[in-house]
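Here is a short briefing to keep beside the sequence and the model.

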Amino acid sequence: MEQKKLIENLNLEAFPEEITQEGLKVYGETSYENQIATLSHYLHNSDFEGTHQEVQQRRNEMMTLIREYLEHKNRLQDYTDEDIAYAAESPLEFDMFREFYEVPFPSPKTYNHTFIDLFAGIGGIRIPFDEMGYHCVFSSEWDAKACQTYFANFGTVPFGDITKIPAQNIPKHDVLLAGFPCQAFSIMGKMQGFADTRGTMFFEIERILKHHDTPYILLENVKQLVGHDGGRTFKVILEKLCELGYHVKWKVLNALDFGLPQKRERVIIVGFKDPADCEKFTFDIPHTPYNLADILEPDEDVDPTLFASDHIITKRQEKTVGKKVFYPSIWHENKAGNISVLDYSCALRTGASYNYLLVNGVRRPTSRELLRLQGFPEKFKIAVSHQDIRRQTGNSVAVPMIRMVANKINEIIKSKSEHGTSEIKGFKKAANA
């Protein structure tokens, strides 16, 4: 009876998830996916502090989660209650959690600042903040395959549908990161005069910011957001941020300017509670040249299934007669069927045809090449199929672009204090020696 009570009291347990056949997270009966998300977040935030009662309650919750985890893996009989209690107290020292900690991008052991990763995808916005020693206290992503990739690289399973998660269940944080989807505001606008964001994913960001009063924000979206519906959609977003007390700057940036051979234009929005911080921030960047050859693998190392059929190759060659053809290059077919031979890739797209981009006109990019086109580090682990990577990279961000913005935000945060501080209640402030 006591164990059942503890399970019911777990954070976010009131919002259980199930996985559909299409790989999407939906809400239904209590699921293992929800339990493992809770456990993985607890493991990476084990330095919880509070009253004796709060610490004991959290430890009890963690012990219950560990039992559920071991039972699911059919290993509960291998561990005693003392083992589980020790694991809850010092998870880093316990071998059963190897897969949570031995990842390419582990959480920093000491940190001064924290962030949350919303609409996390495969973690492209997160990586630069990990590199700077920031600590992720919460992540959310609804796509199950993206969560699989995220777990393989960061050791945490993101929680699912953010619309079902109360803001008070999300830990306090210094920076909010979100590459949020953009739905049309048109129907709502006709009813609300574009004064309301309910029904859109931006509203989820809005309600979390309203609850936590987060000092810094970094948002990313498609370039088309700026001009959507005559600019009214973007105007509503900026007005809502202003109403919440944020001083905002934004700019459309292109991945080509950040050393990546991909033409990918995205709007970046940064927000600061302190107007002085906003005044210091600029989007001034040095242009970094790109080189397509740097990201390509030798054809002999490429999976034969990625090569186009003779029919497709011949068709592409016929459409490039009279055009300047050079190598290495990426051949892009637009919706009208015209072929462009370029020294860079056009923007990776989730819904693009299988032969949308052909390296040198003969083969499709490999999974690693797709990740390189987005600037993911070489150590980034591929844990899903090539088809999944195509979809995930099409939905992701240009990491070097985010890195530049993140570094500029970090410079401002560091300037606030010589050593940096975190006002996050409930997590220890770890000072770097």
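In this predicted model, the buried residues of helix H15 are His 386, Asp 388, Ile 389, Arg 390, Gln 392, Thr 393 and Gly 394. That makes seven of the ten residues of H15, so the helix is largely enclosed by the rest of the structure. The cover over these buried residues includes helix H7 (144-154) and helix H14 (367-373).

**The largest pocket**

- If you are looking for open space, the largest pocket has a volume of about 980 Å³.
- Its lining is made up of 41 residues, and those closest to the centre are Arg 264, Arg 266, Gly 394, Asn 395 and Ser 396.
- By residue type, the lining divides into 18 nonpolar, twelve polar and eleven charged residues.

**Asp 130 in helix H6**

- Asp 130 sits in helix H6, which runs over residues 126-131.
- Is Asp 130 buried or exposed? With a relative accessible area of 11%, under the 20% cut-off, Asp 130 is buried.
- Setting aside residues up to four places away in sequence, Asp 130 touches Phe 105, Phe 115 and Phe 154.

**Ala 406 in helix H16**

- Ala 406 belongs to helix H16, residues 399-416.
- Ala 406 counts as buried because its relative accessibility is 0%.
- Apart from neighbours within four places in sequence, Ala 406 is in contact with Pro 128, Phe 129, Met 132 and Leu 218.
- How many residues apart in sequence are Ala 406 and Pro 128? They are 278 residues apart in sequence, while in space their C-alpha atoms are 6.5 Å apart.

**Confidence in the model**

- The protein chain averages a pLDDT of 86, and 85% of the residues score at least 70.
- Residues 1-16 have a pLDDT below 50, and this stretch has 36 contacts in the model beyond near neighbours in sequence.
- Over residues 419-433 the pLDDT also stays under 50, and the model has 34 contacts for them beyond four places in sequence.

How values were computed. Residues numbered from 1 in each chain as written. Predicted model: local features only at pLDDT ≥ 70, side-chain atom pairs only at ≥ 80, totals over all residues. Heavy atoms only, no water. Helix = DSSP H or I, 4+ residues; strand = E, 2+ residues; numbered from the N terminus. Buried < 20%, exposed > 50% of the residue type's maximum accessible area, 1.4 Å probe, protein only. Contact = heavy atoms within 4.5 Å. 1 Å grid on protein atoms, 1.4 Å probe; cavity = no way out; pocket = protein on both sides within 12 Å on 5 of 7 lines; lining within 4 Å. Points joined across faces, edges and corners; volume = space filled by probe spheres on them. Nonpolar A, V, L, I, M, F, W, Y, C, P; charged D, E, K, R; others polar. pLDDT = per-residue confidence, 0-100.
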